[in-house]
Amino acid sequence: MPFALLKYALAGEHPDNPHFRWSPDLKSTYDVIVIGAGGHGLAIAYYLAARHGITNIAVLDKGWLAGGNTARNTTIIRANYLTPEGVRFYKESVELWRGLSNELDINLMYSERGHFTLAHTDAALRTARWRAEVNKHLGVDSEVIGPDDIARICPTMNVSDDVRYPILGALYHPPGAIARHDAVAWGYAKEAIRRGVDVFTQTPVNKIIVENGRAVGVETNKGPVYAGKIVQAVAGSSSEVARMAGFRLPITTIPLQACVSEPVKPILDQIVVSGSLHVYISQSARGEMVMGSATDPYGLYSTRSTLEFKEGLMSHMLELFPFMGELRVLRQWAGMADMTPDFSPVMGLTPVENYYIDAGWGTWGFKATPVCGLRMAECIATGRQPDLLKPFALDRFRSFDLVGEKGAASVGH
Amino acid sequence: MKILTCPINGPRNISEFVWGGEVKEMPDPATATDAEWSEYLFLDNNRAGEIFEWWLHAPTNTWFIAHRNTVTDVVLETMTVDTYFARRAKAERAEEEA
C-alpha cells in the first residue's frame with residue numbers, strides 16, 4: 001500500500017476531481033450572483049438550479065469552499081425552538097435533512113441521536129415546558145423528562161445532587177441529530193455545479209454596483225460581473241458586505257468558540273445542551289467529543305481562541321461528565337457569528353432592489369442550511385418574501401416586530 | 001488573560017468588564033421619528049476596524065469609552081465618558097468653523 005501511494009504521488013496524471021468541475025473564467029453576466037460559497041450560499045444556488053430552473057449562477061467566495069462557519073460549527077440539527085415562527089422553520093429544515101443524503105447523492109452521515117436541553121433552575125424548567133408545548137402543538141417531538149429518565153437514556157451523565165448546578169429535568173427532543181458539515185457543502189456544490197452553476201473561490205467582491213436603488217453587479221478581483229439578482233450569504237462579514245450595498249444591519253459580529261477532544265470509543269450517544277451552563281456536547285462519528293460554549297463576551301472580527309473559553313467550558317463539562325477529566329483537547333477553533341438582537345436570522349428582501357440577504361445566523365445557522373437555501377431560492381426566483389420567511393424579514397426591526405427566539409444555542413433563559 | 005485599563009480604576013482583568021457595544025449618536029427622543037429611533041436602537045455599524053465602544057467596569061459600576069480595533073483586538077485608548085464627549089464636541093466645533 002505505501003508503494004502504491006508513492007507511485008500514485010509520483011505519477012504524472014491523476015484522475016479528475018470526482019466532485020467538482022471548477023469553472024475556468026468568470027462570465028460578464030449572470031442571472032444570479034451568490035456572494036459566499038458556504039453551505040447557505042451553495043444551497044441557495046442548488047435550489048435555484050434544481051427547483052426553479054435558474055442555472056446561470058455564479059457563486060463567489062473570498063476564501064475557499066465552505067471555509068467559514070460551515071466548517072466551524074458543532075453540527076447540531078434540531079427543531080425544538082421556542083417561538084412558533086422558529087419551530088415551523090426548523091421543522092421544515094429537519095424534514096429536508098432526513099432526505100438530503102439521497103437528494104445530493106453524498107453520505108452526510110446524518111445521525112439522529114436525541115437531544116437534551118438541561119434545566120438546572122425552576123426558570124429553565126418552565127421554559128422547557130413552554131418549548132415542549134409549542135413543539136408538540138406544531139408536530140415536533142419534544143417532552144420534558146426528569147433526572148431518572150435522563151439517567152436511563154444517557155447513563156454517562158452525572159445527575160447527582162452533589163454538584164454546583166444539579167439537573168432538575170430536561171427538554172428531550174428525540175429527532176436531534178448531527179451531520180458531517182463539510183459533506184453538506186460538498187454535496188450542494190457538486191449538485192449545483194452538475195446543473196451548470198459556476199463556483200469561484202479566491203474571488204472577493206470589492207464593490208457592489210448599485211444604480212438608482214437597484215443592484216446590478218459586483219466588482220471582483222477578476223473584474224466586474226453583472227447580474228439580474230444578487231444575494232449575500234456571508235455570516236460574520238454580513239455588515240461589511242451590506243455596507244457595500246448601502247445599508248446597515250441589526251448585527252454584531254462576535255466570535256463563537258468550540259473544540260474537540262481526542263477521539264475515544266463511543267460513550268455518548270446523545271447531544272447534550274445546557275443553556276444555564278452555556279455548554280453543549282456530542283460525540284462525532286470519529287469518536288471526538290465536540291464541545292461548544294456561549295459566544296465571546298465582546299464583538300470581534302477574529303477566529304482566535306482563548307484560555308477563558310476553555311476554562312469556563314471545562315469547569316461545567318466536568319460536572320456533567322466526570323469522565324471528561326481523562327480526555328485532552330485535540331483541536332480548537334472559532335467562527336465569527338453574526339448575532340442579531342432577537343436571536344433570529346435576517347432573510348429575504350432588502351432596501352436595495354434585486355439585492356437579497358441571508359444573514360444574522362449567529363449560533364444557529366448550520367441546522368437551517370437546507371430550509372434557508374430552499375426558501376431563499378424561492379424568494380429570489382419569485383421576488384417575494386415566502387410565508388415561512390416573513391417573520392424573519394429585515395423590515396421587522398423598523399416595525400418593532402422582533403421574534404424573541406430564546407431557544408437558540410446556549411442562550412440563557 | 002486580557003487586561004483592560006479602566007480610566008478610573010486602572011488596569012484590571014477583562015472578566016471584570018461588560019461590553020456595551022459601539023458608541024452611537026442618540027437622536028433627540030422628543031423629535032425623532034419612529035424610523036430614526038428604531039435605527040438607533042437596532043442597527044449597528046459593526047465595522048471591521050477601529051471603533052469607539054462602551055465598556056462597564058462591573059465591580060465599581062463605571063462606564064467608560066474604549067477605542068479598539070475589532071480585527072486585531074488591540075485596545076488603542078480608554079477614556080472617561082466626559083473626555084470622549086468633550087473631544088467629540090471639540091471636533092464638531094472645529095468642523096463647523098472650517
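Modeller: Let's start with the kink: α3(A) bends by about 45° at R98(A), taking the angle between axes fitted to the seven residues ending there and the seven starting there. This is a predicted model, where local features need pLDDT of at least 70, side-chain atom pairs count only at pLDDT 80 or more, and totals for chains, interfaces and linings use all residues. Residues are numbered from 1 along each chain as its sequence is written, and chains are lettered from A and ligands numbered from 1 in the order in which they are written.

The helix covers residues 84-104 of chain A; its end C-alpha atoms are 29 Å apart, which agrees with the 30 Å its 21 residues should span at 1.5 Å a residue, the expected span being 1.5 Å times one less than the number of residues. Helices here are DSSP runs (H or I, at least four residues; strands are E, at least two), numbered from the N terminus. Just past the helix, D105(A) has a positive phi of about 55°.

Among its buried residues are F89(A), Y90(A), W97(A) and L100(A); buried means that 20 or more other C-beta atoms, placed from the backbone, lie within 10 Å of a residue's own. The cover over the buried residues includes α4 (122-137), α6 (181-194) and α9 (369-382) of chain A.

36 residues of domain 1 of chain A contact 40 of domain 2 of chain A, with contact meaning C-beta atoms, placed from the backbone, within 7 Å. On the domain 1 side, α3(A) gives the most, with five residues.

Note on methods
Buried ≥ 20, exposed ≤ 12 C-beta atoms within 10 Å, placed from the backbone. Contact = placed C-beta atoms within 7 Å.
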